[in-house]
Amino acid sequence: MIDLALIGLTRFIVGGQAHWMGSSPEMRQRIYFANHSSHLDTLLIWSALPRALRASTHPIAAADYWGRGAVRRHIGLKVLNGVLVERSTQGPPGAALAPLRNVLCEGESLILFPEGTRGSERLPGPFKSGLYWLSQEFPDVELIPTYLDNPSRAFPKGTFLPVPISCTVRFGPPVARHTGEEKEAFLERARAAVAALAPEPIG
Amino acid sequence: MSLNDKLFILFAGIVALLGAASLIGFVLSRRAKSETGRATVDNLNARIKAWWVMIAIFAVSFALGRGVTLMLFALTSFYTLREFVSLTPTRAADHLPLVASFYVLLPLQYWLISIDWYALFTILIPVYGFLLLPSLSALKGDTEQFLLRVSRIQWGLMLTVYCISHAPALLTLDIPGRPGEGFLLLFFLITIAQFSDVMQYVFGKLFGRTKIAPVVSPSKTVEGLAGGGLSAVAAGAALWWITPFTPLEAAAMAFAIVAMGFLGGLALSAVKRSMGVKDWGSMISGHGGVLDRMDSLSFAAPVFFHLTRYFYT
């Protein structure tokens with residue numbers, strides 16, 4: 001019920017049409033990784049996926065946003081199937097990834113924002129290393145670059161209400177893994193794969 | 001003949017017309033051989049299909065009365081404004097004026113029409129919106145291309161909310177001796193504007209040679225305009241019995257709608273060109289966006305509204 005209402009509201013306000021450009025909506029284990037510029041992003045990717053895929057796909061949600069407040073928490077965890085992650089965990093590299101590993105171990109898919117925080121530029125900024133560690137540990141999971149067009153205009157950082165501006169969700173071809181590739185090179189290649197999906201700026 | 005009888009006959013006529021169009025589309029799809037011919041016919045059939053849906057939506061909203069019809073137009077304004085703003089490079093500092101446009105001015109405009117407050121709904125956006133929006137933008141302190149940004153939002157609101165809302169505003173007109181016949185005026189406006197577009201497309205495809213404005217809109221031709229415009233004026237004259245106009249006046253009114261509709265299509269093509277796009281969106285398959293279907297109506301509605309209000313009420 002709530003999920004249909006949320007999808008309906010998302011469609012009404014920001015559209016969120018899915019464009020599959022080089023991959024298709026298949027029942028495979030995947031990590032969808034996207035540029036991050038607004039609180040709409042999770043909702044956009046989630047509602048752009050077909051229903052069957054949605055059930056087995058878990059967005060990573062920052063605990064400091066989605067964990068706060070009963071309503072938001074309920075939507076984040078129960079409706080969106082989200083996995084709460086602490087952004088400020090200290091410790092050995094990749095320690096904060098434990099809840100993500102659990103999801104992948106169970107054969108389910110993830111939605112990930114490797115920039116770690118919302119930006120306001122058209123193209124994504126540098127990626128954090130989580131995507132690299134996960135791609136190494138789970139070599140059979142497909143890595144799908146995803147570009148979100150316009151949410152930074154519909155719901156910019158620091159505002160309280162999204163305005164109706166059409167957003168699109170572009171899913172690109174899976175990113176291949178090269179043996180022996182350095183972490184930085186891989187992350188840069190993954191970032192470029194997301195950026196390559198961005199449409200020409202308007203104006 | 002009662003109002004309902006007239007509306008029934010009119011919608012039955014439209015259904016017959018669309019039925020004929022569907023039949024022609026079916027025959028053409030059997031006969032089209034070449035690649036480009038096939039693409040044209042496929043697009044034609046997608047358009048006809050979408051017309052069925054649009055007519056159904058209008059028939060239902062007319063049947064449900066004034067409130068629902070106003071809601072339908074408010075939604076049309078919402079979607080066309082969304083299409084307009086989506087293609088307009090706005091900045092984060094435009095957020096507040098956009099919030100005001102979508103969530104305050106748009107509903108307020110339609111609410112003012114619903115309570116028949118003519119004096120205010122004709123100036124809300126051109127005067128108060130004009131003063132409010134740049135003030136909100138200025139509060140954010142971003143001066144980059146300030147005038148351009150403010151004008152874009154104001155222009156989008158004028159076109160998609162102010163102008164389009166003048167179509168359902170016809171429902172508020174009190175024509176002596178013809179209570180409740182605003183629906184017939186609205187039907188007249190929409191039918192002539194859309195029929196003119198369709199016939200210009202048909203005549204253009206069949207006989208189009210001489211381009212009117214090749215840079216702005218390569219599909220607009222003298223032959224298309226003349227054939228389509230004359231058909232629409234003739235249709236307007238033939239529909240005189242549903243209006244307070246004489247047949248000659250109905251033809252003149254239809255001419256005004258055709259002329260404004262043509263200019264609207266042309267001006268909005270220029271806007272699209274300047275933004276580097278062909279269509280406003282992809283909501284209506286075969287047609288493009290909602291604004292691609294509403295461009296002529298948006299220019300024709302205020303003129304038709306004022307002509308009718310001035311001369312017939």
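This is a predicted model: local features need pLDDT of at least 70, side-chain atom pairs count only at pLDDT 80 or more; totals for chains, interfaces and linings use all residues.

Me: Okay, what order do the strands of the open sheet in chain A come in?
Reply: The open sheet of chain A has seven strands, which follow one another as β1-β7-β6-β2-β5-β3-β4, and their pairing is mixed.

Me: And which strands stand at the edges?
Reply: Those are β1 (15–20) and β4 (83–85) of chain A, and because each has a single partner strand, one side of each is left without a neighbour in the sheet.

Me: How much are neighbouring strands turned against each other?
Reply: On average, neighbouring strands of this sheet are turned by 25° against each other, with direction ignored.

Me: Let me zoom in on β3 and β5 of chain A: how many bridges join them, and do they run parallel or antiparallel?
Reply: Strand β3 (residues 57–62) and strand β5 (residues 109–112) of chain A run parallel and are joined by three bridges. Within this pair, A:Ile111 of β5(A) has A:Pro59 opposite.

Me: What about the largest nonpolar core, which residues touch the most other members?
Reply: That core has 120 residues, and B:Leu189, B:Ile257 and B:Ala300 are the ones that touch the most other members. Helix α8 (residues 182–207) of chain B gives the most to this core, with 12 residues.

Me: What does B:Ile257 touch?
Reply: Leaving aside residues up to four places away in sequence, B:Ile257 touches B:Leu189, B:Ile192, B:Ala193, B:Ser196, B:Ala300 and B:Phe304.

Me: At what angle do α8 and α9 of chain B pack?
Reply: Helix α8(B) packs with helix α9 (residues 222–238) of chain B at an angle of about 145°, their axes being 7 Å apart, and the crossing is right-handed. The residues of this contact include B:Phe195 and B:Met199 of α8(B) and B:Leu225 and B:Ala232 of α9(B). By type, the contact divides into eight nonpolar, nine polar and one charged.

Me: Last topic, how many residues does each chain bring to the contact between A and B?
Reply: Chain A brings 12 residues and chain B brings 14 residues. On the side of chain A that touches chain B, six residues are nonpolar, five are polar and one is charged.

Conventions
Residues are numbered from 1 along each chain as its sequence is written. Chains are lettered from A and ligands numbered from 1 in the order in which they are written. Two residues are in contact if their C-beta atoms, placed from the backbone, lie within 7 Å. Ala, Val, Leu, Ile, Met, Phe, Trp, Tyr, Cys and Pro count as nonpolar, Asp, Glu, Lys and Arg as charged, and the others, Gly among them, as polar. Two strands pair if DSSP finds at least two bridges between them. Helices (H or I, at least four residues) and strands (E, at least two) are DSSP runs, numbered from the N terminus. Axes are lines fitted to C-alpha atoms, for helices over the stretch in contact, and angles run from 0 to 180 degrees between N-to-C directions. A nonpolar core is a set of buried Ala, Val, Leu, Ile, Met, Phe, Trp, Tyr and Cys residues joined through C-beta atoms within 7 Å. A residue is buried if 20 or more other C-beta atoms lie within 10 Å of its own, exposed if 12 or fewer, and partly exposed in between; C-beta atoms are placed from the backbone. A crossing is left-handed if the near helix is turned anticlockwise from the far one by less than a right angle, and right-handed if clockwise.
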